[in-house]
Amino acid sequence: MGEKVQGPESYFPSIEKKYGRPIAEWKELIRASDLSKHTELVNWLKAEHGLGHGHANALVAHTRKEDAAS
């Protein structure tokens, strides 16, 4: 039996279902943005793409964590 997904990744299925874009596409948008601060990116996703706060926060947190690890 698989482990239960926790953290930002736990939002990914509902983000894809609700907004109709794959997570990889959201990450590309975040990385292509001129914005660099977490809060700025969250607010941008909310204002420009209609994401809810929790979904935007999860995407930004996960993307920034990935970028910091590479």
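Where is Val5 found? Select Val5: it is found in the segment before helix 1. Helices here are DSSP runs (H or I, at least four residues; strands are E, at least two), numbered from the N terminus.

This is a predicted model, in which local features need pLDDT of at least 70 and side-chain atom pairs count only at pLDDT 80 or more, while totals for chains, interfaces and linings use all residues. Residues are numbered from 1 along each chain as its sequence is written, and side-chain values use heavy atoms, with hydrogens and water left out.

**Stop 1: Val5 and Ser33**

With a relative accessible area of 47%, Val5 is partly exposed. The scale is as follows: buried means under 20% relative accessible area, exposed over 50%, and partly exposed in between, using a 1.4 Å probe and protein chains only. Ser33 is found in the loop between helix 2 and helix 3. Its relative accessibility is 16%, so Ser33 counts as buried.

Now show what surrounds Ser33. Leaving aside neighbours within four places in sequence, Ser33 is in contact with Leu41 and Trp44, where contact means heavy atoms within 4.5 Å. Trp44 is eleven residues from Ser33 along the chain, and a separation of 9.3 Å lies between their C-alpha atoms.

**Stop 2**

Two packed helices are described by the angle between their axes and the distance between the axes. Axes are lines fitted to C-alpha atoms, for helices over the stretch in contact, and angles run from 0 to 180 degrees between N-to-C directions.

Select helix 3 (residues 38-49) together with helix 4: they pack at an angle of about 135 degrees, with their axes 9 Å apart. That angle makes helix 3 oblique to helix 4. By the cut-offs, angles under 35 degrees count as roughly parallel, over 145 as roughly antiparallel, 65 to 115 as roughly perpendicular and the rest as oblique. On the helix 3 side, the contact includes Leu41, Val42 and Leu45; on the helix 4 side, it includes Ala56, Leu59 and Val60.

**Stop 3: helix 1 on helix 4**

To see the contact, show Phe12, Ser14, Ile15, Lys18 and Tyr19 in helix 1 against His55, Leu59 and His62 in helix 4.

**Stop 4: helix 2 on helix 4**

The contact is made by Ile23, Trp26, Lys27, Ile30 and Arg31 of helix 2 and by residues of helix 4 including Leu59, Thr63 and Asp67.

Within helix 2 (residues 23-32), select Ala24. At 49% relative accessibility, Ala24 counts as partly exposed. Ala24 and Thr63 are 39 residues apart in sequence and 9.6 Å apart in space, C-alpha to C-alpha.

**Stop 5**

How many aromatic pairs does the structure hold? The structure holds one. The rings of Tyr19 and Trp26 have centres 6.2 Å apart and planes at 85 degrees, so the pair is edge-to-face. Rings of Phe, Tyr and Trp (its six-membered ring) pair if their centres lie within 6.5 Å; planes under 30 degrees apart count as stacked, over 60 as edge-to-face and the rest as tilted. Tyr19 and Trp26 are both buried.
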